[in-house]
Amino acid sequence: MIGGQLKRFAKARKDLLVAVNEMVRHMFEEIDYILEGQNAERFASLYACYTSDDQTNPNGASGSTCRKKKPNCVKAPKIYWKYTRNAVLTMEWIDGIKLTNESGLRQASLIRKELIDQGLFCSLRQLLEVGFFHADPHPGNLVATPDGTLAYFDFGMMGEIPRHYRVGLIQVLVHFVNRDSLGLANDFLSLGFLPEGADIQSVSDALQASFGDGTRQFMDFQAIMNQLYDVMYEFNFFLPPDYALVIRALGSLEGTAKALDPEFKVIESAYPFVVGRLLVDPNPDMRKILRQLLIRNDGSIRWNRLERLVAAISEQSSESPGEKSPLRWKLFDMRAVVAATEDIFQFILSENGLRVRVLLVRDILKAADIFLEEKLVAHIFDEQKLGPIERLESEGQEVLIRVATGFRRFQQAFKLAPGLWMGMLKRMLSRPEVHKFSLEILLALINHSTQKVPEKFWLCISRLLHEFAKP
């Protein structure tokens, strides 16, 4: 992978010296074992199940004696500073099974999916939450311990990205998933990837062309990079050294996971974590990215994304409170979910949300039209005649089914934290903006029904009366 990148740098004849200098710098850092030991201890303090015990490092600081195991964690070897020098690194021996040893993992009854999930969670925390990350998580640097915990080794190549770049990475991911080429181009400019004065529209057009027909939204990481490489070199992208390490880390992570599951795709698998971060972090920049995830640039709501998000949240209702699932990190903090929902409602009701409200009323009117369609009315009162609702092929009927499913899922999410949801609803209902918008929706429905669907409306009333009149 690195060789391929250098060849492309050479073709572009730009930033080659920067790339080589960065690689050489990390090569020298990798043979500084005092630095590697310090990296290992810092990594352990941030991500490992147990902190180092009372060994003293060269700076005189003592490790923690706390032995309480942290949830969703990995293992890192303890450093023996008494026996460590610049050219000698002495660390704890950890028994483990190589991730490429299929028979060994099987004999130890270790579940591959759980190992992948541990590594993915740890890597995403490093890259998107904390910022201090292992830049080379290939299969030779990880083993699975007999109790099913991942152990990391080789802390010579580490990277660190500030919060601005972490937020930028999340925004790039969201814009890529949305196929928002103009948003991506602006992301690259704000992150310093593009030179000042670059033609953003031309970059956007090139990115849009690289997306192809968009039939495969989630591809493996190498395929995504191959998509972007030509655009990057055509427009003289400058990749900051820390971001080059991020690319290396993501590529190594996906390669390691593919040793356990050949179908693994890092972008697709990271998506729930990214959404969780957007919900949990109340900072304005993260709230803006959440809105971009759910609302298009023209103000229309991405109903499919909203539906997926509600479905993911509602699935928590099937988890028992004491269940110890390896996927527990994918569960959402309901307090954060409710707070994010309230923030989105407040945005929609603000002056900046005017376009969203207009298009939301339009979508409500469309749903009303669908509800009053004759076949749907017939289905409501005569299911045997039309057959199961799942077999209906009408696009309008499918929309209604999705709306009904969405309401059921929201009910499940509501049951997870009824007190929080009721508190949020009371606060929203006390706002005059909600009263005004509710009245606008009601007037639009009345006006629409009198102008467009009087016949279907009265047909629905007639059938209702007929149904109630049955003995």
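1. The model discussed here is predicted.

2. Start with the whole chain. It has 21 helices and five strands. Of its 471 residues, 44% count as buried. Take the contacts between residues at least 6 apart in sequence: 68% of them join residues at least 24 apart.

3. Now look at one pair of helices. Two packed helices are described by the angle between their axes and the distance between the axes. Helix α5 spans residues 112-130, and helix α6 spans residues 163-177. Their axes come within 7 Å and cross at roughly 115°. The two helices are therefore roughly perpendicular to each other.

4. Which residues of α5 meet α6? They are Leu 127, Leu 128, Glu 129 and Val 130. On the α6 side, the partners are Arg 166, Leu 169 and Ile 170. By class, this contact has five nonpolar, no polar and two charged residues.

5. Next, find Arg 277 in helix α11, residues 266-280. Is Arg 277 buried or exposed? Its relative accessibility is 16%, so Arg 277 counts as buried; the cut-off for buried is under 20%. Leaving out residues up to four places away in sequence, Arg 277 touches Leu 128, Glu 129 and Met 286. Leu 128 and Glu 129 also take part in the contact of α5 with α6.

6. The largest cavity holds about 440 Å³ of space. Its lining has 25 residues, and Leu 169, Val 172, Phe 221, Leu 250 and Ile 267 are the closest to its centre. Elements that give two or more residues to this lining include α5, α6 and α11. The lining divides into 25 nonpolar, no polar and no charged residues.

7. The second largest cavity holds about 120 Å³ of space. It is lined by 15 residues; among those nearest its centre are Leu 115 and Gly 119. Which element gives the largest share of this lining? Helix α5 does, with five residues. The lining divides into twelve nonpolar, three polar and no charged residues.

8. Finish with the largest pocket. About 1900 Å³ of space lies in it. Of its 43 lining residues, Ile 301, Trp 303, Leu 306, Phe 345 and Leu 360 lie nearest its centre. Among the elements that give two or more residues are α13 (303-314) and α20 (432-451). By class, the pocket lining has 32 nonpolar, five polar and six charged residues.

How values were computed:
Residues numbered from 1 in each chain as written. Predicted model: local features only at pLDDT ≥ 70, side-chain atom pairs only at ≥ 80, totals over all residues. Heavy atoms only, no water. Axes fitted to C-alpha atoms, helices over the stretch in contact; angles between N-to-C directions. Helix = DSSP H or I, 4+ residues; strand = E, 2+ residues; numbered from the N terminus. Parallel < 35°, antiparallel > 145°, perpendicular 65-115°, else oblique. Contact = heavy atoms within 4.5 Å. Nonpolar A, V, L, I, M, F, W, Y, C, P; charged D, E, K, R; others polar. Buried < 20%, exposed > 50% of the residue type's maximum accessible area, 1.4 Å probe, protein only. 1 Å grid on protein atoms, 1.4 Å probe; cavity = no way out; pocket = protein on both sides within 12 Å on 5 of 7 lines; lining within 4 Å. Points joined across faces, edges and corners; volume = space filled by probe spheres on them.
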